[in-house]
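I opened my notebook to record what I could look up in this structure, going from single residues to the whole chain and then to the confidence of the model.

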Amino acid sequence: MTIIDPTIELIRNSETFSLSTFVTQGVMRLGESGVGLPPVRRLVERGPQQHGDTDVGYRLDARTISLVLLADGVDDLNDYWSLRRSLQRILKPSSVPLSLRYTLPTGEVRQIDVAYAGGLDFNSVDRFGTMHRAAIQLRAADPVWYNPVVTTIAFALPTGVHTWGIPWVIPWGIGTTTLSSTLAVTNNGDWESYPIITIIGPITSPIIANTTTSETLDFTGWTITGGTTITIDTRYGYKTVVDQTGTSHIDKLSSSSDLATFKIAAAPDAPGGVNTLTVNGSSGSSATKVVIQYNERYTGL
């Protein structure tokens, strides 16, 4: 039986550094750990007379991924020193994010954002001619893997008819042009995803809801004019509502909105991973658009 290992890459900006899983000239991955389920911290409470405790939830902790590497110059000293420099260049501390990407034999892609945490000291006892063994540690502050291909959901917003037509020579109506659309969105990942939502006006009082999770983004009373683009970023560490100029409009959200928790849930929180999303508003036109984008996320390889 032939076993095909995944393709493994370190990625920073446009630079990609491949870690071979076969015996060849270059840098080979000999082993790894920390790529399965992330560390979990249980949250507990305990009363003064309580035996044991009460489990009140959990949080995922940051994970450390260890990779055992072999830099092999195959008896070529120039290649050996070039490999050393290349490894140090891709792993060095930087404000530019570093990602670790696995492409599985199934064609599925899993990526995680990491930072170098140690191990690449090139201890001489680990060198054998033009080969050097190193066990490096990569720290993932966000311990959840993701598919780097963005899932995009665009709502078709049908325009309702006027509520009261008047048969004058010039036809016109009294009433509100209503917008309403519902989509069933399946999260194929196994972890919740926090989307980026784009609203392009005109639209009045837009309300975006996930009825599966009972979470809402409610802008009742706000008119987004034609040509205005509003971006709602629900990702942790962002939680922003800005227009195309960067001006914040987070104050337009109703107090009952769920910006802090709004998500595309995964199974079992959403049965089968299916989320029912709705968009409602009024005074729209053919230019009105609502687009939801997110990355499917996974707890492990």
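Before my first entry I need one definition: strands, written E, are DSSP runs of at least two residues, and they are numbered from the N terminus. I also note at the start that I am working with a predicted model.

**Entry 1: Gly-57.** With that definition in hand, I looked up Gly-57 and found it in strand E5, which covers residues 54-60. Is Gly-57 buried or exposed? Its relative accessibility is 17%, and because buried means under 20% relative accessible area, Gly-57 counts as buried. I then asked what Gly-57 touches once residues up to four places away in sequence are left out; the contacts are Arg-41, Arg-42 and Leu-43. For one of these, Arg-41, I also looked up the spacing: Arg-41 and Gly-57 are 16 residues apart along the chain, and their C-alpha atoms are separated by 8.7 Å.

**Entry 2: Ala-62.** Next I went to Ala-62, which sits in the loop between E5 and E6. Ala-62 has 28% relative accessibility and counts as partly exposed. Leaving out residues up to four places away in sequence, I found that Ala-62 touches Pro-39, Arg-139, Ala-140, Ala-141 and Pro-143. I also looked up Pro-38, which is 24 residues from Ala-62 in sequence, while the C-alpha atoms of the two are 7.4 Å apart in space.

**Entry 3: positive phi angles.** Which residue in the loop between strand E6 (63-72) and helix H1 (77-91) did I note? It was Asp-75, which has a positive phi of about 65° although it is not a glycine. Asp-75 is exposed, with a relative accessible area of 73%. Ser-214 lies in the loop between E17 and strand E18 (215-218), and with a relative accessible area of 60% it is exposed.

**Entry 4: cis peptide bonds.** I looked up the bond between Gly-201 and Pro-202 and found it to be cis, with omega about 15°. Pro-202 is in the loop that runs between strand E16 (196-200) and strand E17 (203-210). The peptide bond from Ala-267 to Pro-268 is cis as well, and there omega is near 5°. I placed Pro-268 in the loop between strand E21 (240-243) and strand E22 (274-282).

**Entry 5: the whole protein.** Of the 301 residues, 40% count as buried. Among contacts between residues at least 6 apart in sequence, 69% join residues that are at least 24 apart.

**Entry 6: surface and charges.** The protein exposes about 16,200 Å², and carbon and sulfur atoms supply 55% of that area. I also noted 22 positive and 27 negative charges, whose mean positions are 4 Å apart.

**Entry 7: confidence.** The average pLDDT of the protein is 90, and 91% of the residues score at least 70. Over residues 161-176, however, the pLDDT is below 50, and this stretch has 15 contacts in the model beyond near neighbours in sequence.

Notes:
Residues numbered from 1 in each chain as written. Predicted model: local features only at pLDDT ≥ 70, side-chain atom pairs only at ≥ 80, totals over all residues. Heavy atoms only, no water. Buried < 20%, exposed > 50% of the residue type's maximum accessible area, 1.4 Å probe, protein only. Contact = heavy atoms within 4.5 Å. Areas by Shrake-Rupley, 256 points an atom, 1.4 Å probe, with all protein chains shown as cover. Lys, Arg positive; Asp, Glu negative; His and termini not counted. Charge placed at Lys NZ, Arg CZ, Asp CG, Glu CD. pLDDT = per-residue confidence, 0-100. Helix = DSSP H or I, 4+ residues; strand = E, 2+ residues; numbered from the N terminus.
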